[in-house]
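Reader: I would like to learn how to read a few features of a protein model. Could you walk me through some?

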Amino acid sequence: MSGRDLFCQPRRFRRGAALTLVFAGVLVTGAATGSFPQPEAAVSARKAAAGPAPTATRDEDVQKAAAEAMADGKSPMDAAERAVSRSGDRWGAVYSEGEYQEFQEALDGRYTGVGLWARRERDGRIDVTRVQPGSPAAEAGIRKGDRLRSVDGSRVDGRPVTDVVSLLRGDADDAAAGTPVTLGLQRGTRAWTETLRRASLSTDSVTVRKLPGGVTVIKIAAFTKGSGDAVRAAVRRAPADGGIVLDLRGNSGGLVTEAVETASAFLDGGLVATYDVDGAQRSLHADAGGDTTRPLVTLVDGGTMSAAEMLTGALQDRGRAVVIGSRTFGKGSVQMPTDLPDGSVAELTVGHYRTPSGHAVDGRGITPDLDAGPDTLKRAEAVLTGLGDPS
């Protein structure tokens with residue numbers, strides 16, 4: 001299990017939150033711009049069977065609850081959370097102003113942290129697996145392989161790596177750039193503490209590498225701003241006689257505009273997905289001119305979510321890619337934000353999207369064409385070979 005202090009998920013996963021589908025600049029006029037996955041709300045059996053109330057009613061209920069709480073000197077955010085929970089909206093949740101700002105920064109390819117990737121080993125120890133160049137961690141001399149023993153005095157051995165990431169980012173306090181964090185570290189027999197100051201860092205959500213056989217692997221960690229252009233550039237640079245592996249494993253989603261742009265790199269126009277907003281049907285289309293000749297394999301797993309599932313479904317349904325891996329997460333709903341009087345934001349579900357063939361993703365996920373097997377990349381290479389010479 002591994003992670004880094006980019007999209008810190010523990011507190012949000014308790015209320016729901018990996019970064020996922022965001023309809024930004026794509027929905028019709030009047031539709032809102034945010035869509036993040038939220039947790040399962042506590043819903044009674046009766047409400048679960050009946051389904052959530054209409055969006056407009058739920059939105060009014062949440063706003064009313066928040067306003068009344070503020071007038072009574074109570075927490076509008078707590079009141080809104082209770083209203084969302086009662087609504088039957090399985091993806092609905094409420095975020096503090098600081099949390100929502102973090103989402104916006106993350107979508108722009110920025111995050112607040114110290115620049116560490118971490119992994120929990122079998123014995124429970126937490127090891128540094130990568131240090132971002134130019135980050136506070138790099139400037140402090142922290143290296144790959146160093147052991148992370150504590151964060152601000154809290155021991156981290158045996159803890160889920162997501163909890164460790166949360167401590168590094170200071171999520172419990174909505175820690176901003178410039179706030180200090182003290183790490184307990186060990187390298188060999190040397191143990192020491194290092195106090196760093198968190199910084200606003202940029203991310204590389206798209207990484208590219210070449211395999212010895214000429215296959216290009218394009219890994220997309222999340223659909224942040226500019227990731228679609230980065231994929232297009234990687235496709236242009238890929239050898240004309242080599243296949244492409246599009247690795248979406250662990251991709252928790254992001255900006256839908258960037259997912260559509262990525263689809264456009266591999267499709268010559270056509271439908272990417274359909275979606276509804278309070279019953280009104282809409283569609284998303286790829287741009288013409290994508291590369292439709294190179295063999296393409298897409299890798300997915302249970303951490304492939306939302307916008308990444310939308311892209312996978314489009315490539316699979318359109319016959320453009322062979323999908324290898326395990327069933328995806330199954331988050332295919334559309335959320336919109338509502339501002340609350342204390343600056344917090346409620347996200348409420350307004351609709352769902354479907355793949356080009358009409359497959360509903362929410363709660364079902366996408367089934368790969370082939371199981372991953374013991375060595376996913378070797379299987380992908382074998383499949384690409386079987387797909388034949390692109391010329």
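Predicted model: local features only at pLDDT ≥ 70, side-chain atom pairs only at ≥ 80, totals over all residues.

Reader: Let's begin with the helix. Which residues of helix α11 are buried?

Author: The general idea comes first: an α-helix has 3.6 residues a turn, so residues three or four places apart point the same way. In α11, which spans residues 376–386, the buried ones are T376, L377, A380, V383 and L384. They cover an arc of only 120° around the axis, which puts them on the same side of α11.

Reader: And which exposed residues does the face turned away from that buried side carry?

Author: That face of α11 carries K378, A382, T385 and G386 as exposed residues.

Reader: What covers the buried residues of α11?

Author: The cover includes several strands, among them β11 (206–210), β12 (216–220), β13 (244–247) and β16 (296–300). Strands β17 (322–325) and β20 (370–371) also belong to that cover.

Reader: Now a strand, please. How many residues of β19 are buried?

Author: As background, in a regular strand the side chains alternate between the two faces of the sheet. For β19, residues 345–354, eight of the 10 residues are buried, so this strand is largely enclosed by the rest of the structure.

Reader: Which way does β18 run relative to β19, parallel or antiparallel?

Author: Antiparallel: seven bridges join β18 (residues 333–339) to β19. D339 stands opposite V345 of β19. The two strands form a hairpin with five residues between them, and G343 in the turn has a positive phi of about 95°.

Reader: How many bridges join β2 to β19, and how many join β14 to β19?

Author: Strand β2 (residues 93–95) is joined to β19 by three bridges and runs antiparallel to it; V94 has A346 as its bridge partner. Strand β14 (residues 271–277) is also antiparallel to β19, with two bridges, and Y275 is partnered by Y353.

Reader: Back to phi. What should I look for in loops?

Author: Most residues other than glycine have a negative phi, and most peptide bonds are trans. Two residues here are worth a look. D174 is not a glycine, yet its phi is positive, about 50°. S306 is not a glycine either, and its phi is positive at about 55°.

Reader: Where is D174 found, and where is S306 placed?

Author: D174 is in the loop between α7 (161–169) and β8 (180–187), while S306 is in the loop between β16 and α10 (307–317).

Reader: Is S306 buried or exposed?

Author: S306 counts as buried because its relative accessibility is 0%. D174, at 32% relative accessibility, counts as partly exposed.

How values were computed: Residues numbered from 1 in each chain as written. Heavy atoms only, no water. Buried < 20%, exposed > 50% of the residue type's maximum accessible area, 1.4 Å probe, protein only. Helix = DSSP H or I, 4+ residues; strand = E, 2+ residues; numbered from the N terminus. Arc of directions from axis to C-beta. Contact = heavy atoms within 4.5 Å. Pairing = 2+ DSSP bridges.
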